[in-house]
There are 2 protein chains.
Amino acid sequence: MKILIAGLGLIGGSMAKALKQNTSHQVLGLDRDQDVLLDACSCGAIDGKADSQDLRTADLVYLCLYPEGALAFAREQGPLLKEGCILTDACGVKAAFCREMEALAGTGSYVFVAGHPMAGKERSGFAASDPSIFVGASYILAETGAPAWAQRQVEDLALAMGFGRIVRTTPQRHDQMIAFTSQVPHALACAYVMSPRCQHHPGFSAGSYRDVSRVANINHQLWSRLFLDNQEALTQELDELQKNLAAIRNAVASGDQAQLESLLKQAGDIKRQMG
Amino acid sequence: MKILIAGLGLIGGSMAKALKQNTSHQVLGLDRDQDVLLDACSCGAIDGKADSQDLRTADLVYLCLYPEGALAFAREQGPLLKEGCILTDACGVKAAFCREMEALAGTGSYVFVAGHPMAGKERSGFAASDPSIFVGASYILAETGAPAWAQRQVEDLALAMGFGRIVRTTPQRHDQMIAFTSQVPHALACAYVMSPRCQHHPGFSAGSYRDVSRVANINHQLWSRLFLDNQEALTQELDELQKNLAAIRNAVASGDQAQLESLLKQAGDIKRQMG
C-alpha cells in the first residue's frame, strides 16, 4: 500500500515509525515544517515527502492534524484523492468533527473512516515520536457509515502498528467516554497546579503529585479546541467530579469520619474492580 | 547500630531492605503478623525478630505504623527504650501527631525525631516492599526540638537508604504542603473514579486515566485518618481546587475560548516552570 501521513507530530511521527517497523507499506509524509520532513526521512520514519502525484495515488491517508487542519486538508486535498482512497483521522473528539468530515467526504471519491488512537505523551512534536506508545493501546473507530472493508483496513493497520485492542463505537459515545477518560484528567491537572502551594512543591512531592500533574504540561490551544468541541459531555463530567469532590471535602470539613471512610472505600472498591 | 523497625508494611519493609542492602547495621523487626516476620527473615530484610531485650538496647527505632499504632507503641514500649535511643516515625501528617508524641517523649528517656519518607506505592504490605522506591526521593524532617545529633543520625540513615534529598521544615508547614502534594491527589483520584463513566472506561482509557486514578486504590481507613488529622489545611486546599476547576468548567460551559485558553496556558506555564 501507499500510505500518506499528513502531520508528523507526536502521533503522525509515531505512526510512521510503527508502520515502517512492522509492515512493508510505502510511507510518505506531509508537514509544513521542512526540518521535520528531513528528520523523518533521515531516520527512516518515512520513505519520502509526498507530492501531489502521491496524493492522487495514495491508498490511505492518515490525518494526524488538529481538527481545523484535518478539515482544511479534506477540503483542499480531498478532491485529489482517488476513488476508494481511505482518509482517516486521529482527532480526540468525534461528533462535531465527524459531521463536518462526512459532509466533505460526500463531495469526494474517498472514504472517510473516523479513528482515534488512544495513546499519547504530554510532550509533542516529531522529536517526541515513539511507536512503543501504541503497544497494547486501544484504537477507537467511531462508526460513521464507512463501508466495512475500509474500517477493516484501518483496523488491520492499527493491529500491525502494535495496538492491542480495537473498539468500535458511535461518535457520541466516544465523546462521552473521552470526556471522562481523557479530558477531565487534563482539566484536573490544570486546576491542580494552579494552587499557590504548587510553587513550593519540590522536596514535598512524590508519585501522586507527579501523576496528577503530568498532563498539565498542556498544549492549551489544542485542548481548548477539544474541550469546546465536547462542551456538553465535558461540562456534565466536570459537574459530576465537582459533586464527588464536594462530598469528600464536606466530610473532611465536618470531621465526619464514617462518611469519609465510606466515600474512600467506595472509590477504592471501584478502582480495584475496574482497574 | 542496632535498629528496630516496628511495622513491616510497605514502608517498614522497604526501609529494612534498604538498610540491609546499604549499611552494616543490625536490623530487627516487629510486626503483629508472624507470617510477615517469617517472610522478612527468610528474604534477609531483617536479621530477626526483636524481643523486649532488643527494645532495651536498641539505638534507633523506626515506627512504620499508622498514627494510632505509633502512639500506642510510644505509650507502651517507650518506657523500655534506653537513654538516647532515637524514636522516629514515618507518618503522613505531622502537627497533631507530633504534639502527642512530644508529650509522650517528655516522660521517657528516648529522643523523638519526626520524619516522613516521601515515597510510596498504592499497594501496601510487606509483599509490596521495595527499597528502590526511596532512591532519589525526599525525606522530610519536621522539627520538633529534637537535638541536632539525633536529627543528623536520621538524616544519615536516610541518605544511606538512597533518599536523594533531606528537607527540614516545621510540622505546620509540612502539613500544609502535604495537603497539596499528597492528600489532594488521593481525594481527587477517589472523586474521579466515582463517575458512572468509570464503569465503562476499558477501551477508552490510556495514560491520563491511569495516572489520575492510580491512587484511588486506597487504604480508606488510613487515609480518612490522615485527612481528618489535617482537616484545616486539606479543606483549604480542596476549596482552592474547587475554585480552579469551576473556572475551567465555566469557561467550557459558556464557550469562552479566550478564557479557557488563558487558564490552560497559565497551568501549562506553571507545570513547565515548576516540574
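The model is predicted, so local features need pLDDT of at least 70 and side-chain atom pairs count only at pLDDT 80 or more, while totals for chains, interfaces and linings use all residues. Residues are numbered from 1 along each chain as its sequence is written, chains are lettered from A and ligands numbered from 1 in the order in which they are written, and side-chain values use heavy atoms, leaving out hydrogens and water.

**View 1. Chain A on its own.**
Chain A holds eleven helices and eight strands. Helices (H or I, at least four residues) and strands (E, at least two) are DSSP runs, numbered from the N terminus. The C-alpha trace of chain A spans about 70 × 40 × 30 Å along its principal axes. Of its 275 residues, 60% are buried. Buried means under 20% relative accessible area, exposed means over 50%, and partly exposed is in between (1.4 Å probe, protein chains only).

**View 2. The sheet of chain A.**
Follow the eight strands of this open sheet in the order β3-β2-β1-β4-β5-β6-β7-β8, with mixed pairing. Two strands pair if DSSP finds at least two bridges between them. At the edges stand β3 (48-49) and β8 (165-169) of chain A, each with a single partner strand, so one side of each has no neighbour in the sheet. Elsewhere in the sheet, β1 (residues 2-6) and β4 (residues 60-63) of chain A run parallel, joined by four bridges. One spot to look for is A:A6, whose bridge partner in β4(A) is A:L63. Helix α7 (residues 171-193) of chain A packs on the sheet, touching β6 (111-118), β7 (138-142) and β8 of chain A. Touching, or contact, means heavy atoms within 4.5 Å. The direction of α7 makes about 20° with that of β6(A); the axes here are lines fitted to C-alpha atoms, for helices over the stretch in contact, and angles run from 0 to 180 degrees between N-to-C directions.

**View 3. One methionine in helix α7 of chain A.**
Zoom in on A:M177, which sits in helix α7 of chain A. This residue is buried, with a relative accessible area of 0%. Its contacts, leaving aside neighbours within four places in sequence, are B:R197, B:H200, B:H201 and B:F204. A:M177 and A:A233 are 56 residues apart in sequence, but 8.5 Å apart in space, C-alpha to C-alpha.

Strand β5 (residues 86-89) of chain B runs parallel to β6(B), with three bridges joining them; B:T88 has B:V113 as its bridge partner in β6(B). In helix α5 (residues 95-105) of chain B, the buried residues include B:F97, B:M101 and B:L104. Among the parts that cover the buried residues of α5(B) are β5, β6 and α7 (171-193) of chain B.

**View 4. Where chains A and B meet.**
The contact takes 88 residues from chain B and 88 residues from chain A. About 8300 Å² is buried between the two chains, with carbon and sulfur atoms giving 67% of it. (Buried area is the accessible area, with a 1.4 Å probe, that two parts lose on being put together, summed over both.) B:M194, B:R197 and B:F204 supply 10% of the area that chain B buries against chain A, more than any other three residues.

**View 5. A few salt bridges.**
A salt bridge is a side-chain nitrogen of Lys or Arg within 4 Å of a carboxyl oxygen of Asp or Glu. In one of them, the side chains of A:R214 and B:D211 meet at 2.6 Å, N to O. Within chain A, A:E143 pairs with A:R168, with their closest N and O atoms 3.8 Å apart. A:E143 lies in the loop between β7 and α6 (148-161) of chain A and A:R168 in strand β8 of chain A, so the pair ties together parts that are 25 residues apart in sequence. A:E143 is partly exposed at 35%, and A:R168 is partly exposed at 42%.
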